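Student: I would like to learn how to read a model such as this one. Can we go through it feature by feature?
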Amino acid sequence: MSMNNKPTAYKRAMLLIASCLPERFRPIFLHPAGPTTIFFWAPTFKWGLVIANIGDIKRPVETISLSQTASLMLTGAIWSRYSLVIKPKNYNLFSVNTFTCATSTYLFGRALLYRMEQKKQK
C-alpha cells in the first residue's frame, strides 16, 4: 500500500495562513501541538471545565458532588503529569489540567469540610 504524500487541503490552508504570519510566530503556529492540530483544540475546549468550576465557587456547598469533584481533581493531576511526558510537550494541556485540578481541589475541600461539619452536628 503506497502512502500519498500530497498535502491535504487543510494542511495547504494552514501553510497559507502561516505564510501570512510574521516570521517569529510561524514556529508557534506550526508547532506539533499548535493551533493547526487537535492537540491544541482539545485542551482549549477543556477550559470550559475550569470555567464551570469557577462558576461553582459561589454554588451552595451542599449541592457540590464529592465524587464528581474528586474525579476531576484526580484526572487533572494525572493528565498534568502526562502532558509533560509526551512528545511534544503540550503546555496547553498541562495548564488546563493544572487549573482543573486546582479548582476541583478547592471545591472538593469545601464540600468535604461541610460534610464533616454536618456529621459533627449530628
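**Reading charges, helices and surface**

Tutor: Arg 26 is partly exposed, with a relative accessible area of 24%. Bear in mind that the model is a predicted one.

Student: Which residue forms a salt bridge with Arg 26?

Tutor: Side chains of opposite charge can pair when their charged atoms come close. Here the partner of Arg 26 is Glu 23, and the closest N and O atoms of the pair are 2.7 Å apart. Glu 23 has a relative accessibility of 59% and therefore counts as exposed, since the cut-off for that class is over 50%.

Student: How many salt bridges are counted?

Tutor: The count comes to two. Asp 56 is partly exposed at 21% relative accessible area, and Arg 59 is partly exposed at 34%.

Student: Now the helices. What span is expected for H4, and what does the model show?

Tutor: The idea is to compare the distance between the end C-alpha atoms with the expected span at 1.5 Å a residue. Helix H4 covers residues 66-85, which is 20 residues, and reaches 29 Å, close to the expected 28 Å. For H5, with 31 residues, the end C-alpha atoms are 45 Å apart, in agreement with the 45 Å it should span.

Student: Which residues of H4 are buried, and what do they pack against?

Tutor: To read burial, look for residues under 20% relative accessible area, then ask what covers them. In H4 the buried residues are Thr 69, Ala 70, Leu 72, Met 73, Gly 76, Ser 80 and Ser 83. They pack against helix H3 (38-56) and helix H5 (91-121).

Student: What covers the buried residues of H5?

Tutor: The cover includes H3 and H4. Among the buried residues of H5 are Asn 92, Val 96, Thr 100, Ser 104 and Leu 107.

Student: Where does the start of H5 show a close approach between a side chain and the backbone?

Tutor: A side-chain oxygen of Asn 90 comes to within 3.3 Å of the backbone nitrogen of Asn 92.

Student: What does Thr 69 touch, leaving out residues up to four places away in sequence?

Tutor: Leaving out such neighbours shows what else a residue meets. Thr 69, in helix H4, touches Ile 64, Ser 104, Leu 107 and Phe 108. Its relative accessibility is 5%, so Thr 69 counts as buried.

Student: And is Ser 104 buried or exposed?

Tutor: Ser 104, found in helix H5, is buried, with a relative accessible area of 0%. With the nearby sequence again left out, Ser 104 touches Asn 53, Thr 69, Leu 72 and Met 73.

Student: Which residues are in contact with Thr 100, apart from its neighbours within four places in sequence?

Tutor: They are Val 50, Asn 53 and Leu 72. Thr 100 is in helix H5 and, at 0% relative accessibility, counts as buried. Thr 100 and Asn 53 are 47 residues apart along the chain, yet their C-alpha atoms are separated by 7.7 Å.

Student: Last, the surface. Which residues form a nonpolar patch?

Tutor: A patch is read by asking which side chains on the surface are grouped together. Ile 38, Phe 39, Trp 41 and Phe 45 form one that is nonpolar, and together they have about 500 Å² of accessible area. Ile 38 belongs to helix H3 and is exposed, at 58% relative accessible area.

Note on methods:
Residues are numbered from 1 along each chain as its sequence is written. This is a predicted model: local features need pLDDT of at least 70, side-chain atom pairs count only at pLDDT 80 or more; totals for chains, interfaces and linings use all residues. Side-chain values use heavy atoms; hydrogens and water are left out. Helices (H or I, at least four residues) and strands (E, at least two) are DSSP runs, numbered from the N terminus. The expected span of a helix is 1.5 Å times one less than its number of residues. Buried means under 20% relative accessible area, exposed over 50%, partly exposed in between (1.4 Å probe, protein chains only). Contact means heavy atoms within 4.5 Å. Patches are made of residues with over 30% relative accessible area and no salt bridge: like charges are joined within 9 Å, nonpolar side chains (Val, Leu, Ile, Met, Phe, Trp, Tyr) within 5 Å. Accessible areas come from the Shrake-Rupley method with a 1.4 Å probe; for residues, only the protein chains shown count as cover. A salt bridge is a side-chain nitrogen of Lys or Arg within 4 Å of a carboxyl oxygen of Asp or Glu. A polar contact is a pair of N or O atoms within 3.5 Å; within protein, one must be able to donate a hydrogen and the other to accept it, and residues adjacent in sequence count only if both atoms are side-chain atoms.
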